[in-house]
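Take a walk through this protein chain, from its overall make-up to single residues. Keep the sequence and the coordinates open as you read.

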Amino acid sequence: MLHFLLIGIALFGVYQWVSPGDSAGRRIVITQGVVNDLVAQHVAAKGREPSTTELNHLVESYVRDEILYREGVKLGLERDDIVVKRRVRQKIEMIAEEDASTRAPTDADLSAYLVANKARFVQPAILTFDQLFIGESTSAPGVHAVAFTREALLKGGDPEQLGKPTLLPHRMTRTPADLVARDFGTSFAAALEKVPVGEWVGPIDSSFGAHYVRVSDRTPAAAPQLAAVRDHVVREWENERRQRARNDAYTKMRGEYQVSIEAKSTTERR
């Protein structure tokens with residue numbers, strides 16, 4: 001019996017030695033890297049480093065999360081969970097992005113990207129103009145009202161005393177065309193880039209109605225030099241590189257899978 005007992009103990013020890021999976025699954029190691037990450041997260045959230053008590057709580061919370069996660073995996077709770085799948089997907093995509101981000105863009109890269117995406121970086125026209133609100137649309141104001149307003153403006157009448165009351169600003173100074181488009185509508189801003197400077201013109205439709213407008217100063221839209229928009233170009237170039245890296249990584253992985261769709265098609269369901 002003693003011999004059998006000793007043999008059993010020896011076998012158990014050998015099993016534990018050659019099968020570290022179970023023991024490793026029960027062992028949680030808090031490395032310095034983990035602690036540094038916890039401290040960094042606390043600093044980002046609170047703006048200061050954690051106290052000793054707070055750090056102990058952070059570590060214990062990390063241990064709790066790890067234990068509950070491992071127990072959940074044992075039960076298979078991570079399977080068919082859309083939230084878990086999305087989180088894992090994000091991590092895979094981040095790995096693909098990091099693998100592709102080892103090289104900084106050269107001036108040649110950025111110049112080529114700027115030329116290929118010129119419309120994205122064009123500096124908008126700068127406009128200074130006065131506006132006079134005359135009605136809900138060019139079809140709504142009466143012909144006599146429009147004619148009267150035009151005649152009064154041509155005679156030098158005060159535009160603030162003409163037209164209809166409105167909370168819109170009567171004058172906008174050195175305003176980028178994209179901001180004018182945001183406030184008055186795209187077609188209104190586009191019209192102001194073409195009308196003669198220094199003359200009352202109209203009616204011109206905005207998102208509010210019809211206006212008479214006088215542009216007193218206009219700087220045309222221009223394609224910028226790389227030096228003027230370098231930071232913006234770098235951000236866009238890197239964003240596109242990350243997107244391309246994600247797509248390339250997925251394309252490679254997708255080629256290693258065979259997908260069979262057994263569900264009925266949309267037309268068959270109908």
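**A guided tour of the chain**

The protein chain holds 12 helices and 4 strands. Helices (H or I, at least four residues) and strands (E, at least two) are DSSP runs, numbered from the N terminus. This is a predicted model: local features need pLDDT of at least 70, side-chain atom pairs count only at pLDDT 80 or more, and totals for chains, interfaces and linings use all residues. Residues are numbered from 1 along each chain as its sequence is written, and side-chain values use heavy atoms, with hydrogens and water left out.

Start with the totals. Of the 270 residues of the protein chain, 24% count as buried. Buried means under 20% relative accessible area, exposed means over 50%, and partly exposed is in between (1.4 Å probe, protein chains only). Now take contacts, meaning heavy atoms within 4.5 Å. Among contacts between residues at least 6 apart in sequence, 68% join residues at least 24 apart.

Turn to helix α3, residues 32-46. How far apart are its end C-alpha atoms? They are 21 Å apart, which agrees with the 21 Å that its 15 residues should span at 1.5 Å a residue. The expected span is 1.5 Å times one less than the number of residues. In α3, the residues V34, V35, L38, V39 and H42 are buried. Seen down the axis of α3, these buried residues fall within an arc of 135 degrees, so they line one face of the helix. The arc is that of the directions from the helix axis to the C-beta atoms. The face turned away from the buried side of α3 carries the exposed residues Q32, Q41 and A44. What covers the buried residues of α3 includes α4 (52-74). Just after α3, G47 takes a positive phi of about 80 degrees.

Next comes helix α9, residues 177-184. Which of its residues are buried? They are A177, V180 and F184. These residues cover an arc of only 55 degrees around the axis, which puts them on the same side of α9. The buried residues of α9 pack against β1 (126-135), β2 (171-176), α10 (186-192) and β4 (210-219). G185 follows α9, and its phi is positive, near 110 degrees.

F184 leads on to the aromatic rings. A search of the whole structure finds 4 aromatic pairs. Rings of Phe, Tyr and Trp (its six-membered ring) pair if their centres lie within 6.5 Å; planes under 30 degrees apart count as stacked, over 60 as edge-to-face and the rest as tilted. The rings of F184 and F188 have their centres 4.8 Å apart and their planes at 20 degrees, so this pair is stacked. Both F184 and F188 are buried. Ring pairs link F129, F184, F188 and F208 into a cluster.

Stay with the strands for a moment. F133 sits in strand β1. With a relative accessible area of 13%, F133 is buried. F133 and Y212 are 79 residues apart in sequence, but their C-alpha atoms are 6.6 Å apart in space. Strand β2 contains R174. Phi of R174 is near 45 degrees, a positive value in a residue other than glycine. R174 counts as partly exposed, at 47% relative accessibility.

T106 lies in the loop between α5 and α6 (107-116). T106 is partly exposed, with a relative accessible area of 38%. T106 and V234 are 128 residues apart in sequence and 9.7 Å apart in space, C-alpha to C-alpha.

How much of it lies in the largest pocket? The value is about 460 Å³. A pocket is found on a 1 Å grid over the protein atoms alone: an open set of points where a 1.4 Å probe fits, with protein on both sides within 12 Å along at least five of seven lines; lining residues have an atom within 4 Å of a point. Grid points are joined across faces, edges and corners, and the volume is the space filled by probe spheres set on the points. The largest pocket is lined by 15 residues, of which R89, I92, E93, Y250 and M253 lie nearest its centre. The elements that give two or more residues to this lining are α5 (82-100) and α11 (226-254).
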